[in-house]
Structures are given as C-alpha cells and as structure tokens.
Amino acid sequence: MNESLRERIIQAVMALLAPIALANGVTLIRSPPNGLTREQSPALLIFPESDTVSPRVNYRVERQLVLRIVALSREAVGKAPETIADGLLVAAHAALFANANLSGLCVGLRELDCEWDVEDADALIAALPARYQFSYRTMAHDLSLIG
C-alpha cells in the first residue's frame, strides 16, 4: 500500500524537526493522544489540522495541508517558559524554511499564525502554537503521486 503525499509531508516535517529536538533535549511527538507528563517537556508537538482541496486543473489537484506545531515548555532555572518555547519555535521555523519544498514534496510553505498560551492551571507552563500551510499537488486519481 502506498502512503499518501500528505503522510509523506508530515513524516518529512517530523524528520526536519528531529535534529532540533535532539539538539535541544526536547521530546518530538506527533498528535499526542493524552496530555504530556512533566518528564516529557519541553516538547515539540505536531498536529495535522486540515487538508483542503483547490479546484482541479486537468488531472492534477492542488492541496493545502495545515500543520500546527506547538512548542511546549515548563519553567527552567532562570528562564521563563515562554522564552524557552519561543526559542524552540524559532529553531523549528528556521528548519522548515531551510527546506521549504521538503525536497520536492510540496510547492510552497506559508506561515499562517502563532498564539501564546499560558496554562491557567499551571503558571509554569507555556505553549506556543504556530500554524503552517504546505501547498502540494497530487494526481486526481491517486493521492500518493506527485502531480
């Protein structure tokens, strides 16, 4: 069974962010089903949000995959959690734009937005979610073929 181009893009993003996670001693997790333990933070979390389809041109379909990348951090000695999370997001952003077409898997990358979220229940944790849109093309009849 072939993997969709969408899945290959998500895996490529994970591969791009793995060295960032390793270099910074953080956990990299795709779509965690449960909340993270204190031991799993700081972390970079990847959440596929949507995949929209543009009008078809011939036998090719343009698609826009939106991924939310969340930099999650707890307070560390002498550093606010927002500062740590911001540094992680800066590194992730640079890695994505250093290979914006993901070695030919997509035709474009666009940053959509970023939010700041300090958890009310735990003032020592901060999450910075940023959303990125990856434009890519498939063949109309096969989601695994680049169009």
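Modeller: Happy to! Buried residues make up 39% of the 147 residues in the protein chain, where buried means under 20% relative accessible area, exposed over 50% and partly exposed in between, with a 1.4 Å probe and protein chains only. Please keep in mind that this is a predicted model, in which local features need pLDDT of at least 70 and side-chain atom pairs count only at pLDDT 80 or more, while totals for chains, interfaces and linings use all residues. Residues are numbered from 1 along each chain as its sequence is written, and side-chain values use heavy atoms, with hydrogens and water left out.

The chain has two helices and seven strands, in the order α-β-β-β-α-β-β-β-β from the N terminus. These elements are DSSP runs numbered from the N terminus: helices are H or I with at least four residues, strands E with at least two. The C-alpha trace spans about 55 × 30 × 25 Å along its principal axes.

Now to your helix. α1 covers residues 5–24, which is 20 residues, and reaches 29 Å from its first C-alpha to its last, close to the expected 28 Å; that expectation is 1.5 Å times one less than the number of residues. At L17 the helix bends by about 30°, and the proline P19 follows within four residues. The bend is the angle between axes fitted to the seven residues ending at a position and the seven starting there. After α1 comes G25, with a positive phi near 65°.

The buried residues of α1 are L5, I9, I10, V13, M14, L17, I20 and A21. Their packing partners are β1 (27–30), β2 (43–53), β3 (60–74), α2 (81–98), β6 (125–139) and β7 (142–146).

Let's zoom in on I10, which lies in α1. I10 counts as buried because its relative accessibility is 3%. Leaving aside neighbours within four places in sequence, I10 is in contact with R30, P48, L65 and L67, contact meaning heavy atoms within 4.5 Å. I10 and Q64 are 54 residues apart in sequence and 12 Å apart in space, C-alpha to C-alpha. For the chain overall, residues 24 or more positions apart account for 59% of the contacts with a separation of 6 or more.

In soluble globular proteins, nonpolar side chains tend to be buried together.

S31 is found in the loop between β1 and β2 and has a positive phi near 45°, although S31 is not a glycine. S31 counts as partly exposed because its relative accessibility is 34%.
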